[in-house]
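Please examine the sequence and the structure below before reading on.

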Amino acid sequence: MLTGLLEILAALCLLVLCAIGALFLRRIMIRRRGGTFDCSLRLTPALPGATRAAARIGAPAPAAEAVEVEPVRGTGTPFTAAGVRDGRGWSYGIAQYGADRVDWYRIFSYALRPAAVLTRRDLEVVGRRAPEGTEELALFPGWTILDCRFGAGYAELALSEDALTGFLSWLEAAPPGQDVSRVS
């Protein structure tokens, strides 16, 4: 009886270790492709109740409506801020540069696909600020927050100074024929 219980406990410990190992393996696989940087992300859709980022950026707050729009998830389409529920906090992740987009992966997820795809065409930086209040506890010291318009909503990116320089350079270095004045 006791040996059976110990075998079950050992199997559970092995399962937990394998799950943790899978998280590290996923991170290594993402980083091996190159062009990655650490980045925290908070999205606020332009839906009823999404006034936090709009007030901070200086844009008019969305009109209050009685009907809440339910987000559509798992469609496999490129991520937009309208597909995120209001009130989510900062999520730590890894971002990876592409030709005209940045793929963002949650750090504590087993998904091989990015959780967010930020396209250069839909992203506009409207402000830069230091973390305030509880954000200082949620983010790494020395990180800067970029307030951005993204599609129909707002995106906030928290980056180190080195990653911030690279991100702004990538955003401004659009191929010929695209609008490159995306940084205010």
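## Surface, fold and interior

The protein exposes about 10,700 Å², of which carbon and sulfur atoms supply 62%; accessible areas come from the Shrake-Rupley method with a 1.4 Å probe, and for residues only the protein chains shown count as cover. The model is predicted, and local features need pLDDT of at least 70, side-chain atom pairs count only at pLDDT 80 or more, and totals for chains, interfaces and linings use all residues. Residues are numbered from 1 along each chain as its sequence is written, and side-chain values use heavy atoms, with hydrogens and water left out.

The secondary structure comprises 4 helices and 7 strands. Here helices (H or I, at least four residues) and strands (E, at least two) are DSSP runs numbered from the N terminus. Their order from the N terminus is α-β-α-β-β-β-β-α-β-β-α. Of the 184 residues, 36% are buried, where buried means under 20% relative accessible area, exposed over 50%, and partly exposed in between (1.4 Å probe, protein chains only). Among contacts (heavy atoms within 4.5 Å) between residues at least 6 apart in sequence, 58% join residues at least 24 apart.

**Aromatic pairs**

Rings of Phe, Tyr and Trp (its six-membered ring) pair if their centres lie within 6.5 Å; planes under 30 degrees apart count as stacked, over 60 as edge-to-face and the rest as tilted. By this rule there are 7 aromatic pairs. Two of them are tabulated here.

| Pair | Centre to centre | Angle between planes | Class |
|---|---|---|---|
| Phe37 and Phe167 | 6.4 Å | 55° | tilted |
| Phe140 and Trp143 | 5.0 Å | 55° | tilted |

Phe37 in strand S1 (residues 36-44) and Phe167 in helix H4 (residues 161-172) are 130 residues apart, so that pair links distant parts of the chain. Both Phe37 and Phe167 are buried. In the other pair, Phe140 counts as partly exposed because its relative accessibility is 42%, whereas Trp143, at 10%, counts as buried.

Ring pairs also join Phe37, Tyr97, Phe167 and Trp170 into a cluster. Arg120 lies over the face of Trp170, 4.4 Å from the ring centre; a charge sits over a ring if NZ of Lys or CZ of Arg is within 6 Å of the ring centre and within 35 degrees of the ring normal.

**Nonpolar cores**

In soluble globular proteins, nonpolar side chains tend to be buried together. A nonpolar core is a set of buried Ala, Val, Leu, Ile, Met, Phe, Trp, Tyr and Cys residues joined through side-chain atoms within 4.5 Å. The largest such core has 23 residues, and Phe37, Leu146, Leu157, Leu159 and Phe167 have the most contacts inside it. Elements giving two or more residues to this core include S1, strand S3 (101-106), strand S4 (116-119) and H4. H4 provides the largest share, 6 residues. A second, separate core of 5 residues includes Trp90, Leu139, Ile145 and Ala158.

Beyond four places in sequence, Phe37 touches several residues, including Tyr97, Val102, Leu159 and Phe167. Val102 stands opposite Leu118 in S4. S3 and S4 run antiparallel and are joined by 4 bridges; two strands pair if DSSP finds at least two bridges between them. S4 is covered on both faces: Ala116 and Leu118 on one side, and Val117 and Thr119 on the other, are all buried.

**An exposed ring**

Phe24 lies in helix H1 (residues 2-32). At 55% relative accessibility, Phe24 counts as exposed.
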